Amino acid sequence: MASKDEIVLDHLTGYAGSSPVRVGNAAYDQRQFDIFGAIVDCVFEHTRSPRLPERAILAHCGPSRRDGAWFVREPDRSIWEMRGELKHYTFSKVMCWLAGRPGARLAMLRGERARAQQWHEAAAEIHVDVLKNGLDAKGRFTQSYGSDELDASLLLFADLWISRSAG
C-alpha cells in the first residue's frame, strides 16, 4: 500500500513495544531542510565529471532564486521527520551550511557572481548561527536550538563540519 495518507494501527504494538504503528507517510508535506545540502553538494560534485549536468538541472538544483540564507531563519522537522512544533534542528542547519560552497560554485558556473556572493555570505551566516545556537553549555551540538537533547545525526558532524570547513 503506497500512500501519502497516514493511518495509525492502534491494535499493533510495534517493534520492541514502540508505538504508534503507522502505515503511509505523512512526511510528504513536511519541511525538511537537511536534504537541501545533500542535493546541492551532489549536483556540484556531478559538475566535476566529464559529462556535465544539463543546464536545466543546474538551474533547478543550484542556488535558489531567493536569498541563499532563507533556510537558516526557518524551522523544520529534521532528518527524523519530527512531529509537533517546527524547530531549528542543528543537523538541518549544518546541511544547509554544507550547501553554501557548492551553491556558490554552481552560481559561478552560470556566471552569477552576485548570487555566488550571497551563497558565501549565507554559509558564513549559518556557521555563526549554529555555533551561537546549536551548542549546549558543555560545548556539545544539540538536537535543536535551545535543547539539551543529543541526536545520532550529530555524529556526522565530524566529517561534514571539519572536512568542509577546511576546503
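Reader: Why is aspartate 34 called buried?

Author: Its relative accessible area is 10%, and buried means under 20%, with exposed over 50% and partly exposed in between (1.4 Å probe, protein chains only). Aspartate 34 therefore counts as buried. One note on the model: it is predicted, so local features need pLDDT of at least 70 and side-chain atom pairs count only at pLDDT 80 or more, while totals for chains, interfaces and linings use all residues. Residues are numbered from 1 along each chain as its sequence is written, and side-chain values use heavy atoms, with hydrogens and water left out.

Reader: What does aspartate 34 touch, not counting residues up to four places away in sequence?

Author: Asp76, Ser78, Ile79, Phe91, Ser92 and Met95; contact means heavy atoms within 4.5 Å.

Reader: What makes helix 3 roughly antiparallel to helix 4?

Author: The axes of helix 3 (residues 90-109) and helix 4 (residues 113-133) come within 8 Å and cross at roughly 160 degrees. Angles over 145 degrees count as roughly antiparallel, under 35 as roughly parallel, 65 to 115 as roughly perpendicular and the rest as oblique, so this pair is roughly antiparallel.

Reader: Which classes of residue make up the contact of helix 3 with helix 4?

Author: There are 12 nonpolar, five polar and three charged residues.

Reader: Where is confidence lowest, and where is it highest?

Author: On pLDDT, the predictor's confidence in each residue from 0 to 100, helix 2 (residues 55-61) is lowest at a mean of 55, and helix 4 is highest at 90. Where pLDDT is low, the predicted coordinates should not be read in detail.

Note on methods:
Axes are lines fitted to C-alpha atoms, for helices over the stretch in contact, and angles run from 0 to 180 degrees between N-to-C directions. Helices (H or I, at least four residues) and strands (E, at least two) are DSSP runs, numbered from the N terminus. Ala, Val, Leu, Ile, Met, Phe, Trp, Tyr, Cys and Pro count as nonpolar, Asp, Glu, Lys and Arg as charged, and the others, Gly among them, as polar.
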